[in-house]
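Good morning, colleagues. Please bring up the sequence and the model on your screens, and I shall guide you through a few of its features.

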Amino acid sequence: DDMSDAAPAVADVAAPAAEAGAASTSAKTPADFLKSIRGKPVVVKLNSGVDYRGILACLDGYMNIAMEQTEEYVNGQLKNKYGDAFIRGNNVLYISTVKDAK
């Protein structure tokens with residue numbers, strides 16, 4: 001899977017911190033977090049302030065993101081629905097998991 005080729009470098013850099021004994025059970029690197037949210041509902045906020053909500057299909061070390069069942073929100077208002085969407089990583093401010101409020 002080509003999308004994850006750049007991710008192991010992140011994990012390799014962060015790995016020594018996880019070897020601190022008891023703390024290693026709860027220590028989670030950013031790469032671990034990104035792996036754990038694949039296939040889950042997420043909110044991706046862009047530098048422009050626009051939110052995209054959908055299922056995280058995959059991402060790479062550059063934060064390029066592929067999403068499914070994507071909805072575009074501008075100022076909290078639903079503006080558009082897309083089946084699949086690709087977001088270039090340099091536009092991404094953050095990725096957040098969605099809390100099930102429904």
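This is a predicted model: local features need pLDDT of at least 70, side-chain atom pairs count only at pLDDT 80 or more; totals for chains, interfaces and linings use all residues.

Let us begin with Arg-53, which is placed over the face of Tyr-73, at 4.9 Å from the ring centre. As for pairs between aromatic rings, the structure holds 0 of them.

I turn now to the sheet. In which order do its strands lie? The order is E4-E3-E2-E1-E5, an open sheet of 5 strands with antiparallel pairing. In general terms, the strands of a sheet pair through backbone hydrogen bonds, and they may do so in parallel or antiparallel fashion.

Strand E4, residues 77-87, and strand E5, residues 92-97, stand at the edges; each has a single partner strand, so one side of each is left without a neighbour in the sheet. From one strand to the next, the twist averages 25°.

Strand E1, residues 41-46, runs antiparallel to E5, and 5 bridges join the two. Within E5, Ser-96 is the residue that stands opposite Val-43.

Finally, I would draw your attention to a loop residue. Asn-64 lies between strand E2, residues 51-59, and strand E3, residues 65-74. Is Asn-64 buried or exposed? Its relative accessibility is 16%, and because the cut-off for buried is under 20%, Asn-64 counts as buried. A polar atom of the Asn-64 side chain lies 2.7 Å from the backbone nitrogen of Gly-89.

Thank you for your attention.

Note on methods. Residues are numbered from 1 along each chain as its sequence is written. Side-chain values use heavy atoms; hydrogens and water are left out. Two strands pair if DSSP finds at least two bridges between them. Helices (H or I, at least four residues) and strands (E, at least two) are DSSP runs, numbered from the N terminus. Axes are lines fitted to C-alpha atoms, for helices over the stretch in contact, and angles run from 0 to 180 degrees between N-to-C directions. Buried means under 20% relative accessible area, exposed over 50%, partly exposed in between (1.4 Å probe, protein chains only). A polar contact is a pair of N or O atoms within 3.5 Å; within protein, one must be able to donate a hydrogen and the other to accept it, and residues adjacent in sequence count only if both atoms are side-chain atoms. Rings of Phe, Tyr and Trp (its six-membered ring) pair if their centres lie within 6.5 Å; planes under 30 degrees apart count as stacked, over 60 as edge-to-face and the rest as tilted. A charge sits over a ring if NZ of Lys or CZ of Arg is within 6 Å of the ring centre and within 35 degrees of the ring normal.
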